[in-house]
Amino acid sequence: METNDSTDQAMNFDNRIDLEGLKTSVNQIKQELKKVIVGQENFMELLIVSLLVDGHVLIEGVPGVAKTITAKLFAKTLKTEFSRIQFTPDLMPSDILGTSIFSAKTSEFEYKKGPIFSNIVLIDEINRAPAKTQAALFETMEERQITMDGTTYPMDRPFMVLATQNPVEQEGTYALPEAQLDRFLFKIKVGYPSVEEEIRIIETHHQRKGTQPQERIMGVLTPAQLLEFKTKIQEVLVEEKIINYIAQIITKTRNHPHLYLGGSPRASIATLNAAKAFAAINGRDFVVPQDVKMALKPVLNHRVILTPEREMEGMTTESVIEMITESVEIPR
């Protein structure tokens, strides 16, 4: 991923917001993850940005590219609760949300909370469960609450869903509905490592000599610090020309000949929020066009659909997003 270091060095400015604590914490999280994870800089940064703007993340990649372990280790850098749910075809909504059980002591039904009641929830192979079970996540992800037997139970903050899926093996899977996909801030595609990274992965594994990766990771960020950083990100300055830039790009996805479905207004808001976080972790209290560009692909990847003709030609959503971005004039 491109960084804004050169932009920052070229500009001499004084921030209205003190972002040093945020930058330090982000670097600490990255350093902790790098104790185990080789490469995957883009993946790490997108996870951090999503956390800072209250977003959920869909992680897509073939088996063995460290999707699950990165998500687990990322959760361990936060001093919060963590739970993991393995989605399977026989999983029921009550297995996630919990259920009401009759108590002989009180002669009343008591609600036993399910594993979704945590701060960071890792859902492995989200597309393995049927639609009924996937639908159980709708209210939780969007409104951060669960309604059971007429009673509403709010989720503890922070609340973040990290879901993984395998793009290759589709037998026995259920495609996620567009309404659910739209609830994820980012879709992160995790690819294979380079030869150099592969060598470092093998060496790192050899040097661990059987110790578990989780044992090396320390918690560096508390919920109170996270809340403080989220408040600061909301104060990041966004000029009118940047808002227009985002709106033009998202609007173009809706009438582009290569796309069957374009981005919704939720995509525009997601791009804005992510761009503010990118600016903040790079030490700026204002958004520049490069921040918007860094957010566009992960925000739109799962929100736009190629036309069948373009899909058959082997075109990708990323190439169309890039095409649209290049067609819109960068604000000066």
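1. Buried residues make up 49% of the 332 residues in the chain. Buried means under 20% relative accessible area, exposed means over 50%, and partly exposed lies in between (1.4 Å probe, protein chains only). This is a predicted model, where local features need pLDDT of at least 70 and side-chain atom pairs count only at pLDDT 80 or more, while totals for chains, interfaces and linings use all residues. Residues are numbered from 1 along each chain as its sequence is written, and side-chain values use heavy atoms, with hydrogens and water left out.

2. Overall fold. The chain has 15 helices and 11 strands. Both are DSSP runs, numbered from the N terminus: helices are H or I with at least four residues, strands are E with at least two. The radius of gyration is 21 Å, close to the 20 Å from the globule rule for 332 residues, so the chain is as compact as a globular protein of that length. That radius is taken over C-alpha atoms, and the rule is 2.2 Å times the number of residues to the power 0.38. Along the principal axes, the C-alpha atoms fill a box of roughly 70 × 45 × 45 Å.

3. Contacts and surface. Of the contacts in the chain with a separation of 6 or more, 78% come from residues 24 or more positions apart. A contact means heavy atoms within 4.5 Å. The chain exposes about 16400 Å², and carbon and sulfur atoms supply 52% of it. Areas come from the Shrake-Rupley method with a 1.4 Å probe; for residues, only the protein chains shown count as cover.

4. Helix 12 (265-281). Here 12 of the 17 residues are buried, so helix 12 is largely enclosed by the rest of the structure. Among the buried ones are Lys276, Phe278 and Ile281. They pack against helix 2, helix 3, strand 9, helix 10, helix 11 and helix 13. The expected span is 1.5 Å times one less than the number of residues. Gly283 follows helix 12 with a positive phi near 85°.

5. Helix 13 (289-300). This helix is mostly covered, with 9 of its 12 residues buried. Asp291, Met294 and Leu296 are among them. The cover includes helix 3, strand 9, helix 11, helix 12 and helix 15. From first C-alpha to last, helix 13 reaches 16 Å, close to the 16 Å expected.

6. Salt bridges. The structure holds 18 of them. Each is a side-chain nitrogen of Lys or Arg within 4 Å of a carboxyl oxygen of Asp or Glu. Lys30 pairs with Glu45, the closest N and O atoms being 2.6 Å apart. This pair links distant parts of the chain: Lys30 is in helix 2, Glu45 in helix 3, 15 residues apart. Both Lys30 and Glu45 are buried. Arg284 and Asp291 also meet in a salt bridge, at 2.9 Å from N to O. Arg284 and Asp291 are buried too. Glu142, Asp182, Arg266 and Arg303 are linked in a network of salt bridges.

7. Strand 3 (98-103) and strand 4 (108-113) run antiparallel, joined by 6 bridges. Two strands pair if DSSP finds at least two bridges between them. Thr99 stands opposite Lys112. Lys112 also forms a salt bridge with Glu110, at 3.8 Å. Glu110 is partly exposed at 30% relative accessibility, and Lys112 is partly exposed at 43%. The hairpin has 4 residues between its strands, and Ser107 takes a positive phi near 60°.
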